[in-house]
Amino acid sequence: MTSADLFTIDWSKVPQEIADALASGKARIIDGVARDSKSYEILKHIPFRTVTLSQTGDLAQVAHQVQSLTNVVQQSTAVLQTAIALSTAVTVGAVVLSTAYLASKLRELESKIERLEGELRGQNLLFYASKASSYFAAVEATRELIASPELVAENRDLIAHSLSRLAGQRHETMAFLGNLCRLFDHLSPAHQALALDFFHATLDFVPKAVLVESQAAYRLERFRLGDHLRQSARTAYDACLTDYKAWANALLKNVTRAAPGTGDASALIARLGEAKRLIACEQNQILLGTSI
Amino acid sequence: MFSLRYRDDAGLAFLQFCAHADLKDLADILMTEKGEKRLTEQLSAEPHFTGNKHDLTKAWQIIAAELQRFGGDTVVSVFRGGQGVIYWEILKDVCKHLKVEIRDGEELSVVESRVLIKVLESSLEKMTEEQRAEFVKSAAGMFADGKFNPASATPAAILAALQASIAMGGFAAFQVAAIAANAVSNFVLGRGLSLVANAGLMRFLGLIGGPIGIAISGILAVPMLSGPAFRVTVPAVIYVAYLRQKQMNGDQL
């Protein structure tokens with residue numbers, strides 16, 4: 001993906017009391033506005049500046065570029081850390097919300113799910129696979145709806161409808177991932193490879209989808225709903241990762257133990273680097289844990 | 001001379017999960033003895049090994065292949081086209097040499113633990129009473145009940161307590177493996193383990209390393225033999241046993 005002009009927080013114009021409130025957690029940024037964390041009362045519209053970032057297809061690269069551009073001087077360590085975290089969240093979020101990033105991810109996911117569906121015939125998971133596919137498309141459709149303030153103002157009813165559908169589809173997708181994880185042991189190595197590719201790609205997609213969902217709620221000024229669905233999604237996401245890690249670690253320990261009759265771990269071993277990157281992905285944790 | 005070729009080996013496949021420093025120690029054990037290059041080693045001539053010397057995680061198979069080659073009869077190895085024998089065969093030979101019981105179908109880590117206990121047994125027998133008491137004091141956390149009485153620290157009693165701890169699995173088995181591997185590293189390489197998981201264990205190894213190190217030299221100082229190269233395979237098996245325990249006590253993800 002090519003370079004893009006994106007917004008990042010202009011910390012030189014953020015008043016000290018707002019920076020302190022953000023660092024202490026008394027204030028949060030919600031849809032570009034600093035608000036009181038408890039009452040959601042507006043404290044200050046956050047000043048932004050434009051930056052040109054290259055390689056917007058890779059969120060880790062985006063985060064690295066933003067961190068090097070975040071210029072905060074004469075501040076406490078807490079304010080500095082908050083500034084870097086929020087700048088990263090805002091710009092990584094902007095890439096997801098305002099560029100073709102999500103559409104390109106969607107194309108990858110669709111190709112993976114098509115191959116997986118072919119292998120799942122005869123399994124009752126096929127039904128859920130089609131639900132997951134619908135979820136991916138619905139996320140991108142919602143992203144388009146909230147892409148500009150004008151679209152939000154004109155289509156509040158459509159966004160509200162999307163929100164009610166997305167929550168259900170997200171739950172179905174997470175349930176599908178959980179079932180898929182439990183099915184890994186029963187798949188042949190070739191089928192397991194396809195399932196793992198899809199599983200990794202979907203787990204990487206979900207935090208971006210949750211950002212779209214929560215931002216849609218915030219743009220309708222449904223702050224509690226936005227917070228609730230983000231926290232709910234994070235709990236489900238973390239549980240899914242925990243189950244996956246438990247399964248993977250047990251399988252890999254069987255390889256180490258070399259006990260007779262243990263399962264084939266070749267598909268997982270070939271994807272170990274990808275699994276490690278996914279589990280350690282700071283950008284996904286930022287998207288699941290920070291409102292912007 | 002054939003170049004080294006790795007033979008698919010369930011007993012050594014886990015080496016692909018090991019860190020560079022751990023693989024470097026294993027490679028050094030295979031290539032050197034007391035700072036001198038082994039005359040029979042082939043690893044240092046392997047381009048895939050030398051080309052990845054700064055990241056041996058990419059060369060684990062060639063390191064494993066060298067161990068497999070040492071495990072086989074050299075002449076037979078030539079006819080095998082550079083491939084040696086699988087780790088189970090190496091372990092069987094080492095067990096026979098050390099008079100350790102091994103049965104077909106047993107889990108590798110169980111047999112390896114017996115080898116490690118044998119190493120400790122020989123070490124404990126060569127310790128003075130004071131050294132044994134010091135060992136029990138330093139190793140108190142390794143004993144299953146945690147209350148082993150130094151006054152009753154006969155070699156047999158200590159071994160029985162250690163065997164009970166190892167049978168329960170977990171960290172005690174790893175500690176025993178680390179003690180033996182550290183002593184091997186000191187004897188063969190002239191230095192301790194490169195990468196120990198925690199500082200507490202490193203201090204512990206420092207405390208008990210002396211007497212065990214002296215005693216272990218007796219086990220490793222075997223004469224050159226025409227069959228399996230025990231001067232290589234005995235320390236290598238002890239080190240592989242340690243690496244296996246280390247991996248089993250940690251998570252990949």
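**Figure 1. The loop between H8 and H9 of chain A, with Glu221(A) in place**. In this predicted model, Glu221(A) lies in the loop that links H8 to H9 of chain A, and its phi is near 60°, a positive value in a residue other than glycine. Most residues other than glycine have a negative phi. Glu221(A) counts as exposed because 12 C-beta neighbours fall inside 10 Å, and a residue with 12 or fewer is assigned to that class.

**Figure 2. Tyr40(A) in the loop between S3 and S4 of chain A**. Tyr40(A), which is placed between these two strands, has a phi near 65°, again a positive value in a residue other than glycine. With 16 C-beta neighbours inside 10 Å, Tyr40(A) counts as partly exposed.

**Figure 3. The open sheet of three strands in chain A**. The strands follow the order S2-S3-S4 with antiparallel pairing, and strand S2 (27-30) and strand S4 (42-45) of chain A form the edges, each pairing on one side only. On average, and with direction ignored, neighbouring strands of this sheet are turned by 30° against each other. S2(A) and strand S3 (residues 33-36) of chain A run antiparallel and are joined by four bridges; within this pairing, Ile30(A) has Val33(A) of S3(A) as its bridge partner.

**Figure 4. The contact between chain A and chain B**. Chain A and chain B contribute 16 residues each to the contact. On the side of chain A that touches chain B, helix H9 (223-257) and helix H11 (272-279) of chain A each supply at least two residues, and the largest share, eight residues, comes from H9(A). By class, this side of chain A has ten nonpolar, two polar and four charged residues.

**Figure 5. The largest nonpolar core and the surroundings of Ile238(B)**. The largest nonpolar core holds 150 residues, of which Leu30(B), Ile63(B), Val176(B), Ala180(B) and Ile238(B) touch the most other members. The largest share of this core, 15 residues, comes from helix H8 (residues 189-219) of chain A. When neighbours within four places in sequence are left aside, Ile238(B) is in contact with Val115(B), Leu116(B), Val119(B), Ala180(B), Ala181(B) and Val184(B).

**Figure 6. Ala65(B) in helix H3 of chain B**. Ala65(B) belongs to helix H3 (residues 60-71) of chain B and is buried, since 26 other C-beta atoms lie within 10 Å, where 20 or more are required for that class. Apart from neighbours within four places in sequence, Ala65(B) is in contact with Leu4(B), Arg5(B), Tyr6(B) and Gly84(B). Ser3(B) is 62 residues away from Ala65(B) in sequence, while the C-alpha atoms of the two residues are 9.8 Å apart in space.

Methods: Residues are numbered from 1 along each chain as its sequence is written. Chains are lettered from A and ligands numbered from 1 in the order in which they are written. This is a predicted model: local features need pLDDT of at least 70, side-chain atom pairs count only at pLDDT 80 or more; totals for chains, interfaces and linings use all residues. A nonpolar core is a set of buried Ala, Val, Leu, Ile, Met, Phe, Trp, Tyr and Cys residues joined through C-beta atoms within 7 Å. Two residues are in contact if their C-beta atoms, placed from the backbone, lie within 7 Å. Ala, Val, Leu, Ile, Met, Phe, Trp, Tyr, Cys and Pro count as nonpolar, Asp, Glu, Lys and Arg as charged, and the others, Gly among them, as polar. Two strands pair if DSSP finds at least two bridges between them. Axes are lines fitted to C-alpha atoms, for helices over the stretch in contact, and angles run from 0 to 180 degrees between N-to-C directions.
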